[in-house]
Amino acid sequence: MKKILAALLLAAAAPAFAETVVIVNPANPATRMFSEQAAQFFLGKSAMFTPIDQAEGSHIRNDFYQKIADKDAAQVKAIWSKLVFTGKATAPKEMKSNADVKKAVAADPKAIGYIDKSAVDDTVKVILTLP
């Protein structure tokens, strides 16, 4: 019984230990980025890159915004609602999975996204690793 409980606890904690990486198209000249810079693109403060977001309510999305901008899902949604309403920006496209984000970034040299580090392959380039 103790072994089963320990395995369940370990499995439940696994997502907390996963590393998230910010990715761009391999043709993009960027080679590295700081969290503060990534936050500018994902919070609509810069249009240099086209942000690709994970699904609303997903663990990776909530964790990502907490790490790069110290914001929760409601705060991020409020920021984008205001930008969209005032016509200052278009909200990021939302993808359902790491694979979908990776595919979208690989297809667009201006795209920037974030995925679990374990999903990285040679179709994208990592420019930031978040713990």
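**Fold, cores and selected residues of the predicted model**

Asp70 is exposed, its relative accessible area being 59%. This residue sits in the loop that joins α3 to α4. Its phi is positive, at about 55 degrees, although Asp70 is not a glycine. Most residues other than glycine have a negative phi. The model described here is predicted.

The protein chain contains 5 helices and 5 strands. Read from the N terminus, the order of elements is α-β-α-β-α-α-β-α-β-β. The chain has 131 residues, of which 37% are buried.

The largest nonpolar core holds 24 residues. Within this core, Phe42, Phe64, Tyr65, Ile68 and Ile112 touch the most other members. Six elements are listed as giving two or more residues to the core: the helices α2 (35-42), α3 (59-69) and α4 (73-85), and the strands β1 (20-24), β4 (111-116) and β5 (125-130). The most is given by α3, with 5 residues. A second core is separate and has 11 residues, including Ile23, Val105, Ala111 and Ala119.

Helices α2 and α3 pack against each other. Their axes come within 8 Å and cross at roughly 125 degrees. An angle of 65 to 115 degrees would count as roughly perpendicular and one over 145 as roughly antiparallel. The two helices are therefore oblique to each other. On the α2 side, the contact is made by Ser35, Ala38, Ala39 and Phe42. On the α3 side, Phe64, Tyr65, Ile68 and Ala69 take part. By class, the contact comprises 7 nonpolar residues, 1 polar residue and no charged residues.

Strand β5 includes Ile127 and Thr129. Ile127 has a relative accessible area of 5% and is therefore buried. Thr129, at 37% relative accessibility, counts as partly exposed. Ile127 and Met33 are separated by 94 residues in sequence, yet their C-alpha atoms are 5.6 Å apart. For Thr129 and Val21, the sequence separation is 108 residues and the C-alpha to C-alpha distance is 4.4 Å. Beyond residues up to four places away in sequence, Ile127 touches Val22, Val24, Ala30, Thr31, Arg32, Met33 and Ile112. With the same exclusion, Thr129 touches Glu19, Thr20 and Val21.

Two polar residues, Asn28 and Lys102, are also buried. Asn28 lies in the loop between β1 and α2. Its relative accessible area is 6%, so Asn28 falls in the buried class. The Asn28 side chain reaches the backbone nitrogen of Ala30 at 2.8 Å. Asn28 also touches Phe49, Pro109 and Lys125, with residues up to four places away in sequence not counted.

Lys102 belongs to helix α5 (residues 98-107). Its relative accessibility is 16%, and the threshold for burial is under 20%. Lys102 therefore counts as buried. A polar atom of the Lys102 side chain lies 2.8 Å from the backbone oxygen of Ala119. Ala119 is also one of the residues in the second core. Residues up to four places away in sequence aside, Lys102 touches Ile23, Ile115, Ala119, Asp121, Thr123 and Val124. Ile23, another of these neighbours, is likewise a member of the second core.

Note on methods. Residues are numbered from 1 along each chain as its sequence is written. This is a predicted model: local features need pLDDT of at least 70, side-chain atom pairs count only at pLDDT 80 or more; totals for chains, interfaces and linings use all residues. Side-chain values use heavy atoms; hydrogens and water are left out. Helices (H or I, at least four residues) and strands (E, at least two) are DSSP runs, numbered from the N terminus. Buried means under 20% relative accessible area, exposed over 50%, partly exposed in between (1.4 Å probe, protein chains only). A polar contact is a pair of N or O atoms within 3.5 Å; within protein, one must be able to donate a hydrogen and the other to accept it, and residues adjacent in sequence count only if both atoms are side-chain atoms. Contact means heavy atoms within 4.5 Å. A nonpolar core is a set of buried Ala, Val, Leu, Ile, Met, Phe, Trp, Tyr and Cys residues joined through side-chain atoms within 4.5 Å. Axes are lines fitted to C-alpha atoms, for helices over the stretch in contact, and angles run from 0 to 180 degrees between N-to-C directions. Angles under 35 degrees count as roughly parallel, over 145 as roughly antiparallel, 65 to 115 as roughly perpendicular and the rest as oblique.
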